[in-house]
Every structure is written in structure tokens, then in C-alpha cells.
Amino acid sequence: MKFIKPSLMFVLLLLCSSFTNTESKLTFSTLELDNAVHFVVEVTNNHIALGQSTEVTHKLYVSQSAGISNWKNFKTPNFNGFDVENIDAKSMKVFTEKFKGETYRYVILRKSILTAKQKGEFQFEPSQLNVTIEIPSQKKDNNGLRALETVNKDFETEPFTITVK
């Protein structure tokens, strides 16, 4: 296990755990594909004082009936007006939580501690990520099991604002 990269370990964990759920749907419509993966940003406090810090967390949510085999092009906005300490995940620990009323697995891709250097209202563009999603298809493999279909999809978080007084 020592030689496996953290991102590969995450992929293996998601793929293995995604097919242990016997209640998951075996076919995907476009709507279901749209709900298979969510890329979100969470800010602990959008209103802070000069010199105070807030935490920005990027999470990747994956439904119980899908898997992730890769992600790339992870882009975050420039946090002008703030000192930034990025804390990238050294190992991909998979968590489970309710999201939009459904149970999802998720990983934290990055936490950033932002410390305000100047006053004002700061609007930040969405973060971006390209994800390779593996979903069960209508086709069956040689063993009679549903074959996996691979779909690449670009995701963006919602833009957000931090006000510094």
C-alpha cells in the first residue's frame, strides 16, 4: 500500500464501495448522471474582520451508484486580498454524509485557510474540476454483469463572496 498514490487509493476505494450497494440503480438517465457527482465549495464564515481567517473547503461528492476513476484540471480562484495556506489532502479518506437528501461518499480535495489582508467585499469565481465517472450501463460483460460506462464531465462550484470589515 506504501507505493499507491493517494489519488489512486481514493479511486480504488470509491470503485470498490460503489458496487457493494445492492439498492443502487443499474442504469443512468441524464438526470441521474447529473446527480452522480457534485463538486462543492464550503466557506466557514463569509463575514470576517481584517486579520481574521476563514476556511474554504473543496469537496467531491459521489453517489452510491457511481465511481470515480480520475480527476484533473483542479483550478481554484486567486484569493486576492488574502494570505492563503492551501492544505492539500495527503491521503484520500472517504467520508459518508447526507447531501441534497441522499447519502453520498465524499472526499476533501483541498482546504484553504484565508486570512484577510484588506477590507472589502471579495467575489470569487467558481473552482473547476474535470472528473471521469464510471457508471453501470445497459450492456453486460462476459460474466453477465453490467458493464461500466466511462463519462468525462467538467464541474464548477458556485461562486462565493467574503466580506471583510
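Is Glu-97 buried, partly exposed or exposed? With a relative accessible area of 27%, Glu-97 is partly exposed, where buried denotes under 20% relative accessible area, exposed over 50%, and partly exposed the range in between (1.4 Å probe, protein chains only). The model is predicted, so local features are reported only at pLDDT of at least 70 and side-chain atom pairs only at pLDDT 80 or more, while totals for chains, interfaces and linings use all residues. Residues are numbered from 1 along each chain as its sequence is written, and side-chain values use heavy atoms, with hydrogens and water left out.

Strand β3 is considered next. Strands are DSSP runs (E, at least two residues), numbered from the N terminus, and two strands are taken to pair if DSSP finds at least two bridges between them. Strand β3 spans residues 53-63 and is largely enclosed by the rest of the structure, because nine of its eleven residues are buried. Strand β1 (residues 37-43) is joined to β3 by seven bridges, in an antiparallel arrangement; Phe-39 has Leu-60 in β3 as its bridge partner. Strand β7 (residues 102-116) also runs antiparallel to β3, with eleven bridges between the two, and Ile-108 in β7 is the bridge partner of Lys-59.

Side chains of opposite charge can pair when their charged atoms come close. A salt bridge is defined as a side-chain nitrogen of Lys or Arg within 4 Å of a carboxyl oxygen of Asp or Glu, and the structure holds four of them. In one, the closest N and O atoms of Glu-42 and Lys-59 are 3.2 Å apart. Since Glu-42 belongs to strand β1 and Lys-59 to strand β3, this pair ties together parts that are 17 residues apart in sequence. Lys-59 is buried, at 7% relative accessibility, whereas Glu-42 is partly exposed, at 35%. A salt bridge also joins Glu-97 to Lys-59, with 3.8 Å between the closest N and O atoms. This pair links distant parts of the chain, Glu-97 in strand β6 (residues 95-99) and Lys-59 in strand β3, 38 residues apart.

Rings of Phe, Tyr and Trp (its six-membered ring) pair if their centres lie within 6.5 Å; planes under 30 degrees apart count as stacked, over 60 as edge-to-face and the rest as tilted. By this rule there are eleven aromatic pairs. Phe-79 and Phe-160 form a tilted pair, at 6.5 Å centre to centre and 45° between the planes. Because Phe-79 lies in the loop between β4 and β5 (82-88) and Phe-160 in strand β11 (residues 160-164), the pair ties together parts 81 residues apart in sequence. Phe-79 is buried at 8% relative accessibility, and Phe-160 is buried at 9%. The pair of Phe-82 and Phe-124 is likewise tilted, because the ring centres are 5.8 Å apart and the planes stand at 55°. Phe-82 in strand β5 and Phe-124 in strand β8 (residues 120-124) are 42 residues apart, and both are buried.

Key:
Helix = DSSP H or I, 4+ residues; strand = E, 2+ residues; numbered from the N terminus.
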